[in-house]
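Colleague: Before we look at anything in detail, could you walk me through how features like these are read, with the general idea and then the case at hand?

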Amino acid sequence: MSKFSLKPCVLLVSVAMLSACQSVAPQQQGQTEIGAKALFSNNKQSLSYGAKTQFVRALETHLAKERYAVSTSYYQALPMSNEGADKDSESIWTSAMKVSEYKRNPASNPLFEPYRTAGDYLYPKIDGVEVDKNAELYLRYDDEKSGKIVATVSREVGMSEEYGEISDEIDILATQSRECIGSNSHDLDELIKENPNITDQNAKVKKIKQNIKNCQTDFDKQVRELTTKAQGYQKSDIKHLQMCVSHYQKGINDILKPTRIPKSLSGDDYDHYDIVYENYRLCTDVYKNSVVLEPRSYVENGTNQRVLDMIAGTKACKVQAVNVQQTGDRSYRTDGQFFLQSHFDSLTCIDEHLHEMLETDELPKPVTNIEGMREREDEQESLAYELKYEDEYKKYRGLSGWIQAYRELKNTDKNDKHEGKDDESEIDLPPIMGSSGNMVAMMLDHLKQTPEQVIAQNLYQYNHTTLTNLSHHNPASKRLDVLWSYDFESPTAVQSVQLPVSLDFGAGVMNADVSALLPIVAAVAPKHAPLPKDVPHGQMAFKLPDEIAKKIPTDVIYGAIQRGVLMAYEGLPDEKFTPIDISGDDFAKSVGAKRAIKIELGSKELGRFLGAVAKTVAQDLKTYVDNHAEHYPDTIAKKSDKANNVKKGQPQTDKIKKAIDDFATLSGAYRIGDVGGLFQIIEGIAPFSMDNINYVYLDATGNIIAMQNLNTIDENIQSVRMQTVSQVRYDKSAFDKHELSTQFANTFATKPRFDGATWAKNAIEETRLKNKAREARDWYEYESDDDEATTND
């Protein structure tokens with residue numbers, strides 16, 4: 001008998017449910033269908049669909065005809081509401097930056113507390129009684145902890161500016177020496193890789209060896225001048241660095257002798273050569289660690305004791321290896337394995353030290369070759385980073401830790417306000433030169449504008465500011481002339497700046513009156529600023545060279561943008577278009593409008609809009625390229641380019657053609673909705689948001705005669721909502737009556753004689769060459785800066 005059975009109650013419930021479905025569904029099917037279909041986007045009877053269709057048809061006519069426009073923009077700032085659900089809340093950007101700073105503030109996280117402050121170090125106290133600072137010695141952290149007796153100076157001298165300047169000079173010379181050795185070592189590497197049997201009898205090797213000797217000679221000569229001024233640790237540092245260079249030079253001499261073992265430096269035996277430079281680097285690392293352990297460094301950088309312990313232990317391992325290598329009469333010529341092992345042993349020592357500090361028992365296997373050595377050094381850098389930073393964040397790690405930090409931050413603010421502290425007293429600056437303490441939080445609070453400040457901005461600035469735009473658009477000639485006028489007029493001041501620009505897409509020319517910009521150019525780049533007499537009426541012409549104009553046809557781009565705009569609006573959802581009642585609209589009455597359509601564009605719609613325009617431009621340019629192959633001939637590579645896998649004499653596709661082909665290919669790899677989604681993501685993480693609402697006014701025949709645009713930008717960090725209202729009238733009579741119409745006509749009546757394109761090209765080329773020359777001169781300095789940054793980290 002089957003074990004499966006249905007209980008009577010279950011059968012009864014099932015029958016009841018089926019009966020309900022059979023009896024209810026047919027009765028409600030028609031009613032539900034009517035209500036649902038009215039909301040579908042393909043419902044051509046909806047008001048939104050009708051508004052969208054009417055607008056797109058009007059826009060197509062509008063873009064195709066000649067038109068004159070007068071536009072005026074007005075500005076207003078509003079305080080963002082901090083009531084309701086957002087009461088006592090901050091923007092996510094503000095909160096994230098404040099919490100990030102709070103977690104690293106010693107006042108909130110003791111793990112970041114500096115080992116010593118300048119005051120503690122220079123004015124030590126025993127049982128509350130200040131000790132004579134001259135009696136206290138200037139000792140590095142590791143020496144002080146171990147009780148080592150060294151020849152040094154007093155704390156006052158060691159922390160003085162004069163002592164620091166000499167230490168900086170030594171560091172600069174050490175960096176230059178490392179770069180000199182490193183550069184020649186690299187050249188020697190290449191020779192040995194090409195010929196593993198090469199010896200010091202080779203002419204190229206002799207030249208490099210002489211260069212290395214010169215490195216040592218130059219270093220000795222320069223530090224000799226410093227030796228007379230050096231004190232304490234500075235003298236021992238100089239001797240240590242000289243020893244590093246000397247040991248490297250001896251090692252290179254030994255490993256390149258014809259009697260070396262092994263004879264061939266190939267395969268695994270290449271390590272016997274490579275370890276010479278690696279041990280030099282190990283030797284100079286001891287100096288780098290010593291610098292970080294100096295009071296002058298750890299006080300200035302606010303280094304905590306945990307990091308100092310880590311560096312001191314690492315240094316001890318390296319010192320042990322260097323001492324082993326210097327003991328006895330071992331030679332790289334025959335004892336390469338000894339020098340390799342001594343370096344590997346230092347890594348094992350560092351592993352034990354770091355894992356002990358991290359309280360982990362699993363030690364990695366010992367290193368047996370240089371490739372493994374470099375991998376182990378990378379692993380140790382990661383462990384060091386964890387000790388420096390990640391381990392110190394355990395208190396605030398993860399989402400729960402972030403919430404904990406934010407809660408403590410808010411409680412601190414409440415306590416400070418309760419105790420009546422002002423903004424300055426609220427700041428708990430750590431004793432770190434160059435550190436911001438709670439400065440970021442203070443700055444963010446300072447940027448946040450109060451409602452009273454916003455009102456003052458409107459009264460003194462925005463209420464008196466307008467941006468006027470006169471434009472003439474002629475689609476037949478593909479030309480657009482625009483005159484912008486920025487005006488500020490108050491009872492106490494009147495300012496006005498005009499910028500006329502003419503864009504001729506058919507000829508690929510832009511003309512501009514740059515009179516207002518010439519003073520700025522003169523201030524920023526005086527050498528390249530043309531004199532007023534050289535630029536009649538302040539007008540410049542910027543024309544694409546004929547060769548470029550054929551490859552990048554501006555008239556094709558113009559047509560593609562026109563088509564793209566139409567396609568973009570056609571692709572927007574119907575619900576973004578709404579017919580509105582204009583019976584109470586004063587602007588509609590002033591322009592004689594009979595109807596109006598409201599178009600809402602958020603970040604998603606703006607992304608879709610730009611995506612559609614980009615696609616049409618890409619497609620039209622690709623069609624042009626395919627139909628005008630003669631403008632894009634292949635070229636022959638004049639030299640090899642390994643980075644791009646190009647050989648000399650190899651045919652190459654025209655760069656502009658390739659760029660257009662890639663642009664067209666990319667346009668097929670995404671949909672305009674993807675761009676809209678991307679814009680939403682950007683808005684979600686950016687410290688601002690933007691909305692755009694357009695009101696389009698039509699006459700009785702359905703032609704566009706005016707527009708109003710409301711652009712809203714929420715600046716979350718400042719807690720200010722910035723709004724701009726632009727009113728546009730497409731009316732020739734209003735254009736002719738405007739006070740700027742005469743200036744508009746005069747500006748575009750004459751052709752500019754100053755070649756702005758050549759002027760800009762020459763200025764850019766000269767700047768490029770200067771920058772290239774500067775990079776060539778200063779690359780040593782840049783490398784030095786990187787080394788210094790690594791040392792400080």
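**Reading the model, feature by feature**

Modeller: Let us begin with S719, whose place is in the loop between strand 14 (704-715) and strand 15 (720-729); helices (H or I, at least four residues) and strands (E, at least two) are DSSP runs, numbered from the N terminus. This is a predicted model, in which local features need pLDDT of at least 70 and side-chain atom pairs count only at pLDDT 80 or more, while totals for chains, interfaces and linings use all residues. Residues are numbered from 1 along each chain as its sequence is written, and side-chain values use heavy atoms, with hydrogens and water left out.

Colleague: What is the phi of S719?

Modeller: Phi of S719 is near 60 degrees, a positive value in a residue other than glycine. E359, which is not a glycine, also has a positive phi, of about 60 degrees, and lies in the loop between helix 13 (336-358) and helix 14 (370-388).

Colleague: Is E359 buried or exposed?

Modeller: Here the general idea is relative accessible area, with buried meaning under 20%, exposed over 50% and partly exposed in between (1.4 Å probe, protein chains only). E359 counts as exposed because its relative accessibility is 70%. For the chain as a whole, 41% of the 793 residues count as buried.

Colleague: Which residues does a cis peptide bond join?

Modeller: The cis peptide bond joins I261 and P262, with an omega of about 10 degrees. P262 is placed in the loop between helix 9 (233-255) and helix 10.

Colleague: How many salt bridges does the count come to?

Modeller: A salt bridge is a side-chain nitrogen of Lys or Arg within 4 Å of a carboxyl oxygen of Asp or Glu, and by this rule the count comes to 34. In one of them the side chains of E136 and R155 meet at 3.6 Å, N to O. This pair links distant parts of the chain, 19 residues apart, with E136 in the loop between strand 3 (129-130) and helix 5 and R155 in helix 6 (residues 155-158). R155 is buried, with a relative accessible area of 6%, whereas E136 counts as partly exposed at 25%.

Colleague: Where do R281 and E278 lie?

Modeller: An α-helix has 3.6 residues a turn, so residues three or four places apart point the same way. R281 and E278 both lie in helix 10 (residues 270-292), three residues apart, about one turn of the helix, and their side chains meet in a salt bridge of 2.3 Å, N to O. D285, four residues from R281 in helix 10, forms a salt bridge with R281 as well, with the closest N and O atoms 4.0 Å apart. E278 counts as buried at 4% relative accessibility, and D285 counts as buried at 14%, while R281 is partly exposed at 24%. These residues belong to a network of salt bridges that links D274, E278, R281, D285, K318, R374 and E377.

Colleague: Which side chain of opposite charge is nearest to K615?

Modeller: For charge, Lys and Arg count as positive and Asp and Glu as negative, while His and the chain ends are not counted. K615, in helix 23 (residues 603-627), is buried yet has no salt bridge, and the nearest side chain of opposite charge, D674, is 7.5 Å away. Taking contact as heavy atoms within 4.5 Å, and leaving aside neighbours within four places in sequence, K615 is in contact with S667, G668, Y670, R671 and I672.

Colleague: How many residues apart along the chain are D142 and A312?

Modeller: D142 and A312 are 170 residues apart along the chain, yet their C-alpha atoms are separated by 5.6 Å. D142 is found in helix 5 (residues 141-146) and, beyond its neighbours within four places in sequence, is in contact with L293, A312 and K315. Among contacts in the chain between residues at least 6 apart in sequence, 70% join residues at least 24 apart.
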